[in-house]
Amino acid sequence: MAFVATLISSFTPLFLMFSPLTSYTDQILSIHRNRTSAGFSLDIPLIMLTASILKIFYWPGARYDLALLIQAAIMVAVQVVLLKVALDNRPPWRGEGPFKSMEPGRPWGFWRWRAQRPYWEYLLGLTLSLLVIHSLIRPTAASLYTNIIGYVGLAIEAVLPLPQIFSNQRAHSCKGFRLSVLVNWLLGDAMKMGFFFMSEPGKVPWAFKLCGIFQACCDVGLGAQYWVYGDGQEDMARKGGLEKDGRLT
């Protein structure tokens with residue numbers, strides 16, 4: 001048991017720091033290679049960028065483990081690239097005006113804008129707002145502000161799999177969502193749970209632990225979807241075969 005604890009405490013921080021690269025590089029390359037982001041939920045960059053920015057501003061007051069701070073900083077850089085690639089390769093869209101929502105039902109068409117500029121304006125506005133608040137409040141580990149920003153940021157990250165789960169459910173397919181991302185999410189959940197609960201008391205706040213448990217449950221649900229639906233290729237092949245048989249008859 002002591003050996004396992006030592007192994008986790010030594011290896012897991014490195015894994016966590018570079019997990020953004022291992023989790024999303026394949027997704028970025030796949031979108032760029034196929035010239036389409038169809039099937040990939042743009043809400044994933046939204047969630048990860050918002051959560052990671054909040055986690056970075058959470059650190060001055062909470063002083064949580066440095067590996068988690070480095071992970072958040074790397075995640076911001078990776079998600080910016082992923083968002084840019086996904087926006088550049090969106091499927092053709094029929095509508096009027098660059099600011100009109102691609103998806104009805106969202107207030108002000110939030111995060112469904114056709115133009116790219118509003119996405120970057122949101123991220124810049126969030127960052128500058130937090131900078132102003134930090135300069136005025138100067139949070140400490142026990143402050144209400146620190147607890148709020150920590151739990152909000154981690155709660156946002158915890159719902160990361162939900163948009164993809166809903167997208168897969170509507171399409172009855174996981175096409176466009178890379179299996180490599182799912183595998184890295186599940187592996188990351190296992191590593192995080194070990195690191196969170198086997199670290200020294202106080203090293204990892206309970207906000208990380210509670211949100212990590214919820215996210216792990218969601219990732220397992222996403223894994224079940226992938227097992228049931230697959231990537232959609234078999235259904236497409238079956239449909240093509242039926243259409244061909246229909247033409248022959």
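A residue is called buried here if its relative accessible area is under 20%, exposed if over 50% and partly exposed in between, with a 1.4 Å probe and protein chains only. By that criterion Q79 is buried, because its relative accessible area is 0%. The model is a predicted one, in which local features need pLDDT of at least 70 and side-chain atom pairs count only at pLDDT 80 or more, whereas totals for chains, interfaces and linings use all residues. Residues are numbered from 1 along each chain as its sequence is written, and side-chain values use heavy atoms, with hydrogens and water left out.

The protein contains nine helices and zero strands, where helices (H or I, at least four residues) and strands (E, at least two) are DSSP runs numbered from the N terminus. Along the sequence the pattern is accordingly α-α-α-α-α-α-α-α-α. Of its 249 residues, 46% count as buried. With contact taken as heavy atoms within 4.5 Å, residues 24 or more positions apart account for 77% of the contacts that have a separation of 6 or more. The protein exposes about 13400 Å², of which carbon and sulfur atoms supply 68%; accessible areas come from the Shrake-Rupley method with a 1.4 Å probe, and for residues only the protein chains shown count as cover.

Helix 2 (residues 43-62) and helix 3 (residues 66-88) have axes that come within 9 Å and cross at roughly 150°, the axes being lines fitted to C-alpha atoms, for helices over the stretch in contact, with angles that run from 0 to 180 degrees between N-to-C directions. The crossing of helix 2 with helix 3 is left-handed, a term used if the near helix is turned anticlockwise from the far one by less than a right angle, the clockwise case being right-handed. On the side of helix 2 the contact is made by I44, P45, M48, L49, S52, I53, K55, I56 and W59, and on the side of helix 3 by L66, L69, Q71, A72, A73, M75, V76, Q79, V80, L82 and L83. By class, this contact has 16 nonpolar, three polar and one charged residues, where Ala, Val, Leu, Ile, Met, Phe, Trp, Tyr, Cys and Pro count as nonpolar, Asp, Glu, Lys and Arg as charged, and the others, Gly among them, as polar. Q79, which lies in helix 3, is in contact with Y24, I44, P45, M48 and L49 when its neighbours within four places in sequence are left aside.

The loop between helix 3 and helix 4 (117-137) holds W113, which is buried because its relative accessible area is 11%. The C-alpha atoms of W113 and L87 are 9.9 Å apart in space, although the two residues are 26 residues apart in sequence.

Helix 5 (residues 144-158) has 15 residues and reaches 21 Å from its first C-alpha to its last, close to the 21 Å expected at 1.5 Å a residue; the expected span is 1.5 Å times one less than the number of residues. Its buried residues are Y145, T146, I149, G150, G153, L154, E157 and A158, and these pack against helix 2, helix 4, helix 6, helix 7 and helix 8. E157 is also one of the contacts of K192, together with L16 and Q215, neighbours within four places in sequence being left aside. K192 itself lies in helix 7 (residues 179-198) and counts as buried, because its relative accessibility is 12%.

The end C-alpha atoms of helix 8 (residues 206-229) are 35 Å apart, which agrees with the 34 Å that its 24 residues should span at 1.5 Å a residue. L222 is found in helix 8 and is buried, because its relative accessible area is 0%. Not counting residues up to four places away in sequence, L222 touches P161, Q164, I165, N168, F177, L182 and W185. The C-alpha atoms of L222 and N168 are separated by 8.7 Å, while the two residues stand 54 residues apart along the chain. Just after helix 8, G230 takes a positive phi of about 70°.

Most residues other than glycine have a negative phi. R35, which is not a glycine, has a positive phi near 60°; this residue is placed in the loop between helix 1 (2-34) and helix 2 and is exposed, because its relative accessible area is 56%. H172, likewise not a glycine, has a positive phi of about 55°. The loop between helix 6 (161-171) and helix 7 contains H172, which counts as partly exposed because its relative accessibility is 45%.
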